[in-house]
Amino acid sequence: MQSHSRAHPDPHGDLAACRAALRAGSKSFAAASRILPVDIRDAATVLYAFCRDADDAVDLHIGGAAAVAHLRERLDAIYAGTPHGFAADRALSGVVRTHVLPRELLDALIEGFEWDAQGRRYATLEELEAYAARVAGTIGAMMAVLMGARSSSALARACDLGVAMQLTNIARDVGEDARAGRLYLPLDALQRADIDPDQWLAAPQCTEGLRLVVAGLLARADELYARVQSGVAELAPACRPGINAARLIYADIGRVVRRAGNDSVSRRAVVSRSRKAWLLAQSYLVDVGPVHGEALPPLAATRYLVDAVVACSMQPSTRSGTLHVLPWWFFKSRVLWVLDLFERLERRERMVARARYGDRLADSGSLR
């Protein structure tokens, strides 16, 4: 995906390549980053570009194990300060130095991609959360690091948000994943619903039992979304709207799934443009307020990610500038931009789905 033909690094060109990757294939939650302060947004864009490149390398190429091994070699070079000739790698090497980003987070992310390549299934909700911790909790932790959060409580809540968003993704995309030959639902929950995984995967349909399984995932996601507020309160004011936007919009996907009777096989939940506008406004206006009571511990699945960041005692030394509260008129124009981006991303993801899996899958919704 990323160009690697230049002999000499060009930081501006590398960032431009990462921005192009974002425009070409970003997921919906990436749009919320547009209301982050510019320095954090640029670092998040670099992370996105590398993560997307890594995901595509494992997901789209034959020989997933070899792709994973190559990604780990790229990480070795990034953390050694001698990145391979990819724009995303060169840019990420700078982000790693500036923000003191623990390697454990990226290693965990790649491990999650490896589990996908293996077609792993998950026996329990706890095992599924371990997967979600790797492919999404890591993103929450990395975003928290970029925003300067280093406390165990803030990091734990950032990981909660990532896990909740991934559970929402899974609940929304049950039919889409099945038609791609993938099953993420906890096997013990399927057993309680009297559903044989292989038989159901061969002919996916929405049964009453499956509705209960989907409802269970969404209930767990809601529990985690409710925990996130205390972590948002620990962020600088200018960083809060972007995180709130991700939290509110993804939680609302669950609401749409419920309104459809928890049927995510024959239909795909879509949050309307007007509803997104309202939620984006709320993301800026919501009052996080002071947080009382003892902080909840990290999830068992994400504790090692939190511990890795806390153990990295060095603080970013090259951060520059001061975060400011943005004026209302800036936010209004940014909301309009984000709404347009959501529409473009949804169209783009459908095009990618058609290219990979054909028209039937694409019509059911975009790929995660």
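**Reading salt bridges and burial**

Modeller: The side chains of Arg 103 and Asp 76 form a salt bridge, at 2.6 Å from N to O. The term denotes a side-chain nitrogen of Lys or Arg within 4 Å of a carboxyl oxygen of Asp or Glu. This is a predicted model, in which local features need pLDDT of at least 70, side-chain atom pairs count only at pLDDT 80 or more, and totals for chains, interfaces and linings use all residues. Residues are numbered from 1 along each chain as its sequence is written, and side-chain values use heavy atoms, with hydrogens and water left out.

Colleague: Which parts does the pair Arg 103 and Asp 76 tie together?

Modeller: Helices (H or I, at least four residues) are DSSP runs, numbered from the N terminus. Arg 103 lies in helix H6 (residues 103–118) and Asp 76 in helix H4 (residues 64–79), so the pair ties together parts that are 27 residues apart in sequence.

Colleague: How many salt bridges does the structure hold?

Modeller: The structure holds 23. One of them joins the side chains of Asp 173 and Arg 172, at 2.9 Å from N to O. Here Asp 173 counts as buried because its relative accessibility is 1%, and Arg 172 is buried at 8%.

Colleague: What of the pair Arg 267 and Asp 263?

Modeller: Their side chains meet in a salt bridge at 3.8 Å, N to O. Arg 267 is partly exposed at 46% relative accessibility, whereas Asp 263 is buried at 8%. Elsewhere, salt bridges that share partners join Arg 172, Asp 173, Glu 176 and Arg 268 into one network.

Colleague: Which residues does Asp 89 contact?

Modeller: Contact means heavy atoms within 4.5 Å. Asp 89 belongs to helix H5 (residues 87–99) and is buried, its relative accessibility being 0%. Neighbours within four places in sequence aside, its contacts are Phe 50, Arg 74, Ile 78, Pro 83 and His 84.

Colleague: Where is Arg 134 placed, and what does Arg 134 touch?

Modeller: Arg 134 is in helix H7 (residues 125–146) and counts as buried at 13% relative accessibility. Not counting residues up to four places away in sequence, Arg 134 touches Ala 108, Leu 109, Glu 111, Gly 112, Trp 115 and Tyr 304.

Methods
Helices (H or I, at least four residues) and strands (E, at least two) are DSSP runs, numbered from the N terminus. Buried means under 20% relative accessible area, exposed over 50%, partly exposed in between (1.4 Å probe, protein chains only).
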